[in-house]
Amino acid sequence: MRRTQKLIGVLFGFVCAVQLGVIGWSIWSYERILQEGEVYFFNVLPLDPYDAFRGRYVTLRFANANKAPAGDTTPHEHLSKAYAILEHTQEGDRIKEVRFSRPVSGNFLEVNVHSTMATQKADTANTVYFSLPFDRFYLREDRAPKAERILRMRDVNVNVKASLRVLNGKAVIENLWIEGEPLVEWMRRHEEARSR
């Protein structure tokens, strides 16, 4: 009986250690991307005024981040994962192409492929339709209702961008920017102006 209890205690301790290790690895990985990842800015489409927040996060839709030319010469209909190659240009950051083989260098994102479609012109590359592996920007619980009101009232012409940190195919949404100002500071300034 005593030996069984000891064995159960050891097994329970082992399971707890494994769970803590997984959680620790996840946190370390996230923080490493934030510290070492390269920053890319993607335009955010206007948020749905009726479903902008669910709980404590903002649902984001990214402009020009759902299709790109295929970098590989042949379509791969059966694959569900691919790699979006990122680049900085004078017009802004963008997804240059999508490849089905993991790049050995440069910045890229692992994306979920929906379909590939050959375009009508024979001399152009195939188009790959995909979704980014993230669409949520989390906020503190006390800021979410204020941000929701402000974003619902915002003008459609207001420039909203998300800054992403990208490292080894993984990305983290670092911040949400409104007219070049971090969301929280923009909210603070907006509320101060309204209270005057």
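Me: How many aromatic pairs does a search of the whole structure find?
Reply: This is a predicted model. Ring pairs count here if their centres lie within 6.5 Å. The number of aromatic pairs found in the whole structure is five.

Me: Of those pairs, what geometry class do Trp25 and Trp28 form?
Reply: A pair of aromatic rings is described by the distance of the centres and the angle of the planes. For Trp25 and Trp28 the centres are 5.1 Å apart and the planes stand at 35 degrees. Stacked needs under 30 degrees and edge-to-face over 60. The pair of Trp25 and Trp28 is therefore tilted.

Me: About how many helical turns separate Trp25 and Trp28?
Reply: Both residues sit in helix H1. They are three residues apart there, so the separation is about one helical turn.

Me: Is Trp25 buried or exposed?
Reply: The relative accessible area of Trp25 is 58%. The exposed class starts over 50%. So Trp25 is exposed.

Me: Which class of accessibility does Trp28 fall into?
Reply: Trp28 has 46% relative accessibility. Buried means under 20% and exposed means over 50%. Trp28 therefore counts as partly exposed.

Me: What kind of pair do the rings of Phe41 and Trp177 form?
Reply: Their centres are 6.2 Å apart. Their planes meet at 70 degrees, and the cut-off is over 60. So the pair is edge-to-face.

Me: How many residues apart in sequence are the parts that Phe41 and Trp177 tie together?
Reply: Phe41 lies in strand E1, residues 38-43. Trp177 lies in strand E11, residues 170-178. The pair therefore ties together parts separated in sequence by 136 residues.

Me: Which class of accessibility does Trp177 have?
Reply: The relative accessibility of Trp177 is 23%. Buried would need under 20%. Trp177 therefore counts as partly exposed.

Me: What is the C-alpha to C-alpha distance between Ile173 and Ile33?
Reply: In sequence, Ile173 and Ile33 are 140 residues apart. In space, C-alpha to C-alpha, the distance is 9.9 Å.

Me: With which side chain does the side chain of Asn107 make a polar contact?
Reply: Asn107 sits in the loop between strand E6 (92-99) and strand E7 (108-117). Its relative accessible area is 17%, so Asn107 is buried. Its contacts beyond four places in sequence include Glu38, Ala84 and Val166. The polar contact, at 3.2 Å, is with the side chain of Tyr40.

Me: Which side chain makes a polar contact with the side chain of Glu87?
Reply: Glu87 is placed in strand E5, residues 81-89. Not counting residues up to four places away, Glu87 touches Tyr40, Gly92, Asp93, Arg94 and Lys96. The polar contact is 2.4 Å, and the partner is Arg94.

Me: What is the phi of Asn168 near?
Reply: Most residues other than glycine have a negative phi. Asn168 has a positive value. Asn168 is found in the loop between strand E10 (160-167) and E11. Its phi is near 50 degrees.

Me: Where is Glu179, whose phi is also positive?
Reply: The phi of Glu179 is near 50 degrees. At 48% relative accessibility, Glu179 counts as partly exposed. Its place is the loop between E11 and strand E12 (181-182).

Me: What accessible area do Phe14, Val15, Val18 and Val22 have together?
Reply: These four residues form a nonpolar patch on the surface. Val15 is in helix H1, residues 2-36. At 43% relative accessibility, Val15 counts as partly exposed. Together the patch residues have about 370 Å².

Me: What share of the residues of the chain count as buried?
Reply: The chain holds three helices and 12 strands. Its accessible surface comes to about 13,000 Å². Of its 196 residues, the buried share is 35%.

Methods. Residues are numbered from 1 along each chain as its sequence is written. This is a predicted model: local features need pLDDT of at least 70, side-chain atom pairs count only at pLDDT 80 or more; totals for chains, interfaces and linings use all residues. Side-chain values use heavy atoms; hydrogens and water are left out. Helices (H or I, at least four residues) and strands (E, at least two) are DSSP runs, numbered from the N terminus. A polar contact is a pair of N or O atoms within 3.5 Å; within protein, one must be able to donate a hydrogen and the other to accept it, and residues adjacent in sequence count only if both atoms are side-chain atoms. Contact means heavy atoms within 4.5 Å. Patches are made of residues with over 30% relative accessible area and no salt bridge: like charges are joined within 9 Å, nonpolar side chains (Val, Leu, Ile, Met, Phe, Trp, Tyr) within 5 Å. Accessible areas come from the Shrake-Rupley method with a 1.4 Å probe; for residues, only the protein chains shown count as cover. A salt bridge is a side-chain nitrogen of Lys or Arg within 4 Å of a carboxyl oxygen of Asp or Glu. Buried means under 20% relative accessible area, exposed over 50%, partly exposed in between (1.4 Å probe, protein chains only). Rings of Phe, Tyr and Trp (its six-membered ring) pair if their centres lie within 6.5 Å; planes under 30 degrees apart count as stacked, over 60 as edge-to-face and the rest as tilted.
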